[in-house]
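Hi everyone, thanks for making time this morning. Please have a look at the structure on the screen, and then I'll walk you through it.

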Amino acid sequence: MMKQQVTKLIIKSAMLLLAVVLCDRIVGTGLEYLFYQQTHGDDYTTLYAINKADDDILVFGTSRASHHYNAKLIAEETGQTCFNAGRDEMEIPYTNAMIEAIFNRHVPKLIILDIGPMELSGDKQVVYERVAAAFMPYASKYPVFDSAIEKAGEMELWKLKASKIYAFNSKLGSSIQNAYTNLGHLSEQGYEPLYNTIDTSVYKESIWEDIDKDLPLVDDYINTLQDIISQTRDNNVQLVICISPFYFEHNFSNNRSYKRIHQIAEEANIPLLDFTNDPDFTGQPLLFHDDIHLNDNGAAKYTSKVIHMLKARGLLSAE
């Protein structure tokens with residue numbers, strides 16, 4: 001009798017587990033389909049860069065990349081195609097993985113990497129988690145992202161393999177929005193314009209509390225930046241590192257991250273364009289959306305200045 005009860009329990013448990021797995025796969029497949037219907041937004045930018053971008057020039061970095069580099073203007077002033085693959089809050093671990101994925105399909109002529117002066121320092125766990133969340137929906141099709149996802153925690157890859165829903169559990173709302181409405185981030189060739197200006201009567205100090213802090217360097221980030229340099233060099237891609245403008249004046253001269261970025265670029269003979277405290281931008285309220293993001297007018301001026309400097313160095317020429 002006891003043996004029969006145990007057998008029934010095992011059978012019921014197995015059937016329940018099978019039902020859960022089937023439901024997970026069915027719902028997950030539906031969420032995946034919806035996810036890939038997006039026509040704009042951050043996830044679409046990532047998807048387009050991985051699958052379709054075949055441009056001469058690619059731009060990478062955080063929101064300071066997506067809002068500062070007008071890809072259409074770059075194309076017009078250089079005669080070369082350009083796509084801005086920058087994405088909010090996605091630091092160099094994201095860029096490194098994206099470059100590897102893209103190079104499997106397409107090798108551009110030039111990459112512009114916008115990097116923050118403090119990007120090589122601080123606690124990066126939250127960044128690893130953001131990057132992992134951004135890459136999870138693509139993990140089943142692009143195993144190149146596994147190592148970036150794993151940095152968020154050893155269990156993340158196991159969760160992805162165990163559940164198809166897990167990769168999309170926070171994407172339902174944005175997928176519907178970006179697939180079936182015009183709400184959300186609209187962009188042109190990846191560039192996302194901003195339109196506010198700074199009200200100097202109330203905007204007196206940076207809204208970013210850690211902007212001037214000298215925090216400990218992160219060895220993994222240093223290695224990641226060097227990996228980006230190696231990937232571009234091995235594929236004969238010209239890499240340019242940029243530190244784009246800030247509204248407020250900042251003294252980063254003693255900041256370990258800022259100094260290490262300059263050191264790495266110099267040692268690798270990588271052009272570094274540093275616009276920190278550039279008088280063409282610093283303190284110019286009509287050019288900024290907030291103190292770390294240029295608005296559309298500021299981005300146009302900045303983009304043109306970057307192009308002019310690259311041409312002067314012989315790194316760009318109109319075709």
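One definition before we start: when I call a residue buried, I mean it has under 20% relative accessible area. Please also keep in mind that this is a predicted model.

With that cut-off, let's go to helix α5. The buried residues there are I92, P93, Y94, T95, N96, A97, M98, I99, A101, I102 and F103. That makes 11 of the 12 residues in α5, so the helix is mostly covered. What do these buried residues pack against? Their partners are α2 (42-51), β1 (57-60), β3 (110-114), α6 (125-135), α7 (146-150) and α10 (219-234).

Now let's step back to the chain as a whole. Its secondary structure comprises 12 helices and seven strands. There are 319 residues, of which 50% count as buried. The C-alpha atoms fill a box of roughly 85 × 50 × 40 Å along the principal axes. If we take the contacts with a separation of 6 or more, 82% of them join residues 24 or more positions apart.

What about the surface? The chain exposes about 15600 Å², and carbon and sulfur atoms supply 54% of that. On the charge side, there are 28 positive and 43 negative charges, and their mean positions lie 8 Å apart.

How many aromatic pairs does the structure hold? The count is 19. One of them is Y69 with Y302, an edge-to-face pair at 5.2 Å centre to centre with 70° between the planes. This pair links distant parts of the chain: Y69 sits in the loop between α3 (63-66) and α4 (71-78), while Y302 belongs to helix α12 (residues 296-312), 233 residues apart. Both Y69 and Y302 are buried.

Y247 and F248 make another edge-to-face pair, at 4.9 Å centre to centre and 70° between the planes. Are these two buried or exposed? Y247 has 7% relative accessibility, so it counts as buried. F248, at 15% relative accessibility, counts as buried as well.

And to bring us back to α5, Y94 is one of its buried residues. Y94 also belongs to one aromatic cluster together with F35, Y36, F135, Y138, Y142, F145 and F168.

How values were computed: Residues numbered from 1 in each chain as written. Predicted model: local features only at pLDDT ≥ 70, side-chain atom pairs only at ≥ 80, totals over all residues. Heavy atoms only, no water. Buried < 20%, exposed > 50% of the residue type's maximum accessible area, 1.4 Å probe, protein only. Helix = DSSP H or I, 4+ residues; strand = E, 2+ residues; numbered from the N terminus. Contact = heavy atoms within 4.5 Å. Areas by Shrake-Rupley, 256 points an atom, 1.4 Å probe, with all protein chains shown as cover. Lys, Arg positive; Asp, Glu negative; His and termini not counted. Charge placed at Lys NZ, Arg CZ, Asp CG, Glu CD. Phe/Tyr/Trp six-rings, centres within 6.5 Å; stacked < 30°, edge-to-face > 60°.
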